[in-house]
Amino acid sequence: MLQKDEIHKRAQAWLGPEFNEETRNEVREMLENDEKKLIDAFYKDMEFGTGGLRGIMGAGTNRMNIYTVGMATQGLSNYIIRQFGNKPVRVAIAHDCRNNSRLFAESVAEIFSANGFEVFLFESLRPTPVLSFAIRHHKCQSGVVITASHNPPEYNGYKAYWEDGGQVVEPHDTAIIEEVRKIKSVTEIKFDGDRSRIRIIGKETDEAFLNEVLKMRINPEAIEKSSGMGIVFTPIHGSGSPMVPRALQLFGFRNVISVPEQENPDGNFPTVRSPNPEEPGALKLAIEKAMESGAGLVIATDPDADRLGAACRNTRGEFTLLNGNQTCVLLSHYIITQLKDRGKLKGNEYIIKTIVTTDLMDVIAAANGVECFNVLTGFKFFADLIRQNEGIKKYIGGGEESYGFLSGDYVRDKDSVGSCALLAETAAWAGSRGITLYELLIDIYVEYGLYREKLINIVRKGADGAAEIKEMMVSYRNNPPVSINNSKVIRINDYEDMTSTDLTTGEKTGTDLPKSDVLQFFLADGSKISVRPSGTEPKIKFYFSVNTTLESAAKYDETVEILERRIEGIIADMKLN
């Protein structure tokens, strides 16, 4: 961390004429009245990581503003020029509902155009998956979406994509980071754009995207029988509307109910504590609307509409939230079994999940002759695997526990638009068999095993927090547990040194995945604990997974309690309460 005098020197530099008046005024205010805020804003450069940028908005080297966004874009531009030389370059840009998202998107467009690129800028906010689609649809070499996903309102972010429509991966990601780090001054940013190179896009791209979404529909007969099924949808003030309702209507659903209080875009997210569909409170208004209207399914999307949350009625008629693992299981099972029943599995199909997502997806795939690949956290690894397998194997779906799913390969990032429509179709198919979505999930558990997962986030903010998180990972590596909750640790996967160690034999093998700061502990009783620092937020994540057989649907609640007690025992033993 920089010393105070160095921080002040950095801040003083932001009073120069190359910065606008609004920025200079904010810096003056911090210098004169708020030392703590000044330190947070200038103690380091906002790091352009493998996922791009994400941080609090405001003036400073460690804040999201047109200058840090500009340096990232100039560095990305320099790399694109290195890669494609004198060839014509096209780039696509989208943004979500967040405060300053349009300003940042337009700034990115200006810089790209000043570097000689043809720019495709969406006319207004769009879901992230539409940006991914647009890159390939418009034959672009790169793209950017301005979003901080489900972070609090004070955040914004910047994600860079490559020509396959996926977020950048090796070797491009580290090479782009190097180029961004070479930009030492805002004077190196080409802010003076060429408006003739900027093309505003919208309806035509939307329609092409929705046509691809519609191709994911598997069972129109089941939808026709349940076309009047009540579905409450909320975008939580984000970019999911009107795209998700349109997809549902295209699939054939005629009773899509909105939540008026959350329908309009608003970067302040006034009706929720957090615009995150993983948070129960984010779906509160939608569930109330469903209870009032008699609807059976609730669907919500996050601000950039790449993640989906859902709730369905249980056997008592009450609404139960589906977590990301359960949604992945329902969608994967539906896709696989429907294709199998229709004779459409040819033997080269595969699904993808992350290493921290429920292993029930592996079990379902194996039982039905479908390959299941495990990748590191992040849909960029899905996109890379899909690209590698093009023309060889057929991707049919996949997802991650953090509420992301993608069916089909028309998009190379998680897509809540298509996933919302497919989840509604799954509910319609269950209805055609005389059961609810909730009962379908329990039937899956009876057939394949009951898996229960839990995630704990430990937040540690600022420079001291980052050091504490790093020390926690070092401690787990240097002093790994011998047993957890009275069950012996039999295997440790360390993705930092890319080794898997069988503790019963001492044998070490490779993990066959890229290097990443992740640890996994496998227990003799079948439990699994995964630990990793978040790549986008100041927290360390602990994932717990336990499983057992489920004798019958009648024993579901009783068996869930047994597994919940096992998870709580693990948490207590690891002193994470």
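Visitor: Which residues of H6 are buried?

Guide: Buried means under 20% relative accessible area, with exposed over 50% and partly exposed in between (1.4 Å probe, protein chains only). The buried residues of H6 are Thr128, Pro129, Val130, Leu131, Ser132, Phe133, Ala134 and Ile135. This is a predicted model: local features need pLDDT of at least 70, side-chain atom pairs count only at pLDDT 80 or more, and totals for chains, interfaces and linings use all residues. Residues are numbered from 1 along each chain as its sequence is written, and side-chain values use heavy atoms, without hydrogens and water.

Visitor: What is a helix here, and why is H6 largely enclosed?

Guide: Helices (H or I, at least four residues) and strands (E, at least two) are DSSP runs, numbered from the N terminus. H6 covers residues 128-137, and eight of its 10 residues are buried, so the rest of the structure largely encloses it. Just after H6, Lys139 has a positive phi of about 55°.

Visitor: How do I read strand pairing?

Guide: Two strands pair if DSSP finds at least two bridges between them. Take E9 (residues 297-301) and E10: they pair in the antiparallel sense over five bridges. Val298 has Ala311 of E10 as its bridge partner.

Visitor: Which strand pairs with E10 over four bridges?

Guide: Strand E11 (residues 319-322), again in the antiparallel sense. There, Leu322 is the bridge partner of Ala310.

Visitor: What lies in the hairpins?

Guide: Six residues separate E9 and E10, and Ala305 in that turn has a positive phi of about 55°. Five residues separate E10 and E11, where Gly317 takes a positive phi near 85°.

Visitor: Why is E10 largely enclosed?

Guide: Five of the six residues of E10 (residues 308-313) are buried, so the rest of the structure largely encloses this strand.
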